[in-house]
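Please read it alongside the sequence and the coordinates.

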Amino acid sequence: MAAASMVARRRMFKQVSYRDTASLSTSPLPDVSEWLGNEDISMLMLDGSWQSRRIVWDKLNIYVTRPNSDLTVDWIPLHEVLSLKEMHDMDAVKIRKASITQGMEIGHLGLSADDVIDAMTNEDDAVINFLEPSEEQKRPTGRLNSTDTIHRIASALRPAANAAHSECGKQPVLQIKTSTEGFNSGRVYYIRGASDTQRHDLLKRLNRQIEKARVKQVRKSNIRWVQHVLKKVYCSNPFQITVAVLILANFAANAAQAQLSSRLNTDFESTGDVLERLDIFFTSIFTLELCINACANLFWPFFSDGWNIFDLLVVTLSLVAL
């Protein structure tokens with residue numbers, strides 16, 4: 001039986017990763033035929049100002065571009081959006097904290113967002129407390145340990161605080177909260193539409209697509225988990241050794257069957273029947289092994305390997321011969 005020629009091979013599991021994000025910021029938008037929505041909005045920038053932007057979304061992502069531009073400046077995987085909700089009465093302190101938190105993420109001051117937030121209070125006079133640190137804040141704490149440090153932060157963030165304070169409260173905004181373990185690292189986006197109608201429509205349409213993307217991602221995750229388990233089993237030493245032993249055993253059985261088939265002595269008929277059953281057994285085992293390999297490496301990784309194509313041909317001919 002030709003199935004004895006199959007060779008046991010080890011394959012390393014390759015995790016599915018995001019597409020190359022390094023060039024995404026200079027990449028064009030997807031084809032218009034793939035768009036599910038396209039809206040002109042205002043977005044809260046890292047410096048606390050509101051700037052005009054355009055968002056385009058398809059089945060997988062939200063793309064952010066500048067007005068009248070087809071180049072993406074940011075993107076948000078839809079399945080990584082934890083929440084999209086309308087925020088009413090967004091007070092100055094919350095906006096300011098959001099601006100400061102996002103601004104500190106870029107690290108231009110060399111300090112963490114917690115360092116800044118620790119220097120603030122939740123009272124209405126938070127800006128005063130922040131710009132004029134108390135004696136307690138001036139004491140060394142291992143984080144904000146000098147008046148100079150606090151004033152340096154305050155000077156850098158004063159424009160953002162003033163801009164955020166002047167802009168907030170004029171109209172409700174939409175908050176897009178992303179996963180901390182995802183591509184956007186938990187960044188929170190604030191956007192607003194030109195009208196209440198646009199905002200409500202945007203909220204409804206995006207939430208619907210986010211839910212679809214989550215369901216699709218769960219299905220993909222389940223399939224990838226099954227593939228991961230199958231690859232782990234297929235590449236394990238016990239599995240490969242077992243297949244190798246079966247190949248040798250099948251080779252020996254085929255050799256014995258070839259010898260018996262050349263003889264006409266009926267004394268060997270019962271032995272021949274046993275070998276025929278062994279042939280069916282080995283063919284079934286190798287068919288199962290091929291199925292595990294195909295499922296674990298579906299689709300292109302399997303068919304791009306010449307040995308896999310050879311194995312598929314051999315097993316197919318063996319099944320036809322039965």
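In this predicted model, Phe286 has a relative accessible area of 2%, which falls under the 20% limit, so Phe286 counts as buried. Phe282 is likewise buried, with a relative accessible area of 6%. Both residues belong to helix α8, which covers residues 269-296, and they sit four residues apart, about one turn of the helix.

A pair of aromatic rings is described by the distance of the centres and the angle of the planes. The count of such pairs in this model comes to seven. One of them joins Trp75 and Phe183, whose ring centres are 4.6 Å apart and whose planes meet at 45 degrees, so this pair is classed as tilted. Trp75 is part of strand β4 (residues 72-77), while Phe183 lies in the loop between β6 (173-178) and β7 (188-192), and the contact therefore ties together parts that are 108 residues apart in sequence. Phe282 and Phe286 form another aromatic pair, which is stacked, with 6.5 Å from centre to centre and 20 degrees between the planes. These two residues also belong, together with Phe281, to one aromatic cluster.

| Residue | Relative accessible area | Class |
|---|---|---|
| Trp75 | 4% | buried |
| Phe183 | 27% | partly exposed |
| Phe282 | 6% | buried |
| Phe286 | 2% | buried |
| Cys291 | 41% | partly exposed |
| Cys295 | 41% | partly exposed |

A further contact with an aromatic ring involves a charged side chain: Arg192 lies over the face of Trp50, at 4.2 Å from the ring centre.

Turning to the cysteines, the structure holds zero disulfides. Cys291 is in no disulfide, and the nearest cysteine sulfur to its own, that of Cys295, is 6.4 Å away. Cys295 is also in no disulfide, its nearest cysteine sulfur being that of Cys291 at 6.4 Å.

How values were computed: Residues are numbered from 1 along each chain as its sequence is written. This is a predicted model: local features need pLDDT of at least 70, side-chain atom pairs count only at pLDDT 80 or more; totals for chains, interfaces and linings use all residues. Side-chain values use heavy atoms; hydrogens and water are left out. A disulfide is a pair of cysteine sulfur atoms within 2.5 Å. Buried means under 20% relative accessible area, exposed over 50%, partly exposed in between (1.4 Å probe, protein chains only). Rings of Phe, Tyr and Trp (its six-membered ring) pair if their centres lie within 6.5 Å; planes under 30 degrees apart count as stacked, over 60 as edge-to-face and the rest as tilted. Helices (H or I, at least four residues) and strands (E, at least two) are DSSP runs, numbered from the N terminus. A charge sits over a ring if NZ of Lys or CZ of Arg is within 6 Å of the ring centre and within 35 degrees of the ring normal.
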